[in-house]
Amino acid sequence: MALSGPQIRRLDDRLAERCRGLTPHQYLAFLKSPTGAADLEGLISAVVVNKTDLFRDEVQLNDFRDHVLAPLVARAGGRPLRLWSAGCSTGEEVATLLMLLAESGASPGSSVLGTDISEAALRRACSLSFTPEQLRRVPAGPRERYFMPKGSRLALVSALRERASFQVHNLMDAPYPRPPEEGGFDVVFCRNVLIYFTVESFHRTVAALADSLVPGGTLVLSSSEPLLQVPPTLSVVRTTSAFFHVRVGGPRSGEGTAAPRDSRSAWEVARPQDGASVGGTRGPAGSDAPAPSEDPRPSSGRADASSTPGGRSPEGPAEPGHTLASAAAFTEADLLFACVLDGASSGASDAAAERDLRRCLSLDPDHAAARYLLGLLLEQCRRPLDAAVEYRRALVSLEEGRSRPVPFFLNPSRLRVACAHAAGRLEPLGGTR
């Protein structure tokens, strides 16, 4: 984990209380012993984040249900599905996935494994009971069908609860969990976990999670965890409002079903409609999008503003105070941003990605998603001071309400949380200039 300043201070306070005069090496040996298990759990609790809700990020879950789960159920032909919630915290995501399986008509033998590093969190998760506040996002129908009162809480019905299992697992430890049957998981959820990892741990964990999937299985990360380096075992699938990562060697999400509402990338949605290839290089989704290392602007030198990725028309009033010229600049900025995301799966260089992101920000300085992505890239390139500056600037744009929503990426509230944590994560390294 890449600990923020507050996390380090909490950990230091716990260590000062518990070391009891032992040297660091002596206390480490104690933590590794059976008698030190309780102390170790207390230290873990000081740094882990357990804030979550049922049906968190409904936009992403809706696309998961329509474009990943429904086709998966159809292809399974009655075969039980195996899902894994990695970093399940106190069980909210496990309950969410159990309900989605039931609503999709998946085999009753389907199951969800929940794992977490925190034994305290898992003890709470095992009951699969929640406060009314935690269920506030659950639609009325499923809430009435799948929950029953249990004291002051609401518990998942036993028919679903018995399909869940839990175990302690640290994502830094191998081997990773496997279903009882041969093969891997059909779907792995690991959301809002990797943002707390170091860059090296982030990429190592993604590769290990990919290896835990069956061919054609889907890895679901949060919208605040875009992959700037997609491992060769995964391909990126875009849907209307989200992106998913599919293990190569099997059918892609949505294959064999009705076409999704609009699965094109932001570039494909916004590029000129005259059929001309803008960059002459085929993009990763099979479109005529330019390679991310090329200038994605049409030959006229200005972006086509007739159809923007956010669905805004330059003549419309959706962006009060914005001129036609600024609408065109916003369109071009979004195209560059989309090309950087697409380039992650096609081997674009870090230098090309940085160049395109800086060009994007020259067109729209308050493009907070692009600035956050630039921060991730700079951090990945071991430039933490520069990364912290970009995270802080993105956070200011969000807090002052200047940043526009961007298709396929973070909603503003999640982006604000991600930027704040990223900046705090670099604080111990002096990255707050």
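Trainee: Is phenylalanine 64 buried or exposed?
Mentor: In this predicted model, phenylalanine 64 is buried, with a relative accessible area of 1%.

Trainee: How many aromatic pairs does the structure hold?
Mentor: The structure holds seven aromatic pairs. In one of them, the rings of phenylalanine 64 and phenylalanine 189 have centres 4.9 Å apart and planes at 85 degrees; angles over 60 degrees count as edge-to-face, so this pair is edge-to-face.

Trainee: Where do the two residues of that pair lie?
Mentor: Phenylalanine 64 is in helix α4 (residues 58–76) and phenylalanine 189 in strand β7 (residues 185–190), so the pair links distant parts of the chain, 125 residues apart. Phenylalanine 189 is also buried, with a relative accessible area of 1%.

Trainee: And what about tryptophan 84 and phenylalanine 185?
Mentor: Their ring centres are 5.3 Å apart and their planes meet at 35 degrees, so the pair is tilted. Tryptophan 84 belongs to strand β1 (residues 82–86) and phenylalanine 185 to strand β7, so the pair ties together parts 101 residues apart in sequence. Tryptophan 84 counts as buried at 0% relative accessibility, and phenylalanine 185 is buried at 3%.

Trainee: Changing topic, which helices do the buried residues of α14 pack against?
Mentor: They pack against α12 (350–363), α13 (368–380) and α15 (412–426). Among the buried residues of α14 are Val389, Tyr391 and Leu398.

Trainee: What follows α14?
Mentor: Glycine 401 follows α14, and its phi is positive, near 75 degrees.

Trainee: Finally, how much of the protein counts as buried?
Mentor: Of its 433 residues, 53% count as buried.

Conventions
Residues are numbered from 1 along each chain as its sequence is written. This is a predicted model: local features need pLDDT of at least 70, side-chain atom pairs count only at pLDDT 80 or more; totals for chains, interfaces and linings use all residues. Side-chain values use heavy atoms; hydrogens and water are left out. Buried means under 20% relative accessible area, exposed over 50%, partly exposed in between (1.4 Å probe, protein chains only). Helices (H or I, at least four residues) and strands (E, at least two) are DSSP runs, numbered from the N terminus. Contact means heavy atoms within 4.5 Å. Rings of Phe, Tyr and Trp (its six-membered ring) pair if their centres lie within 6.5 Å; planes under 30 degrees apart count as stacked, over 60 as edge-to-face and the rest as tilted.
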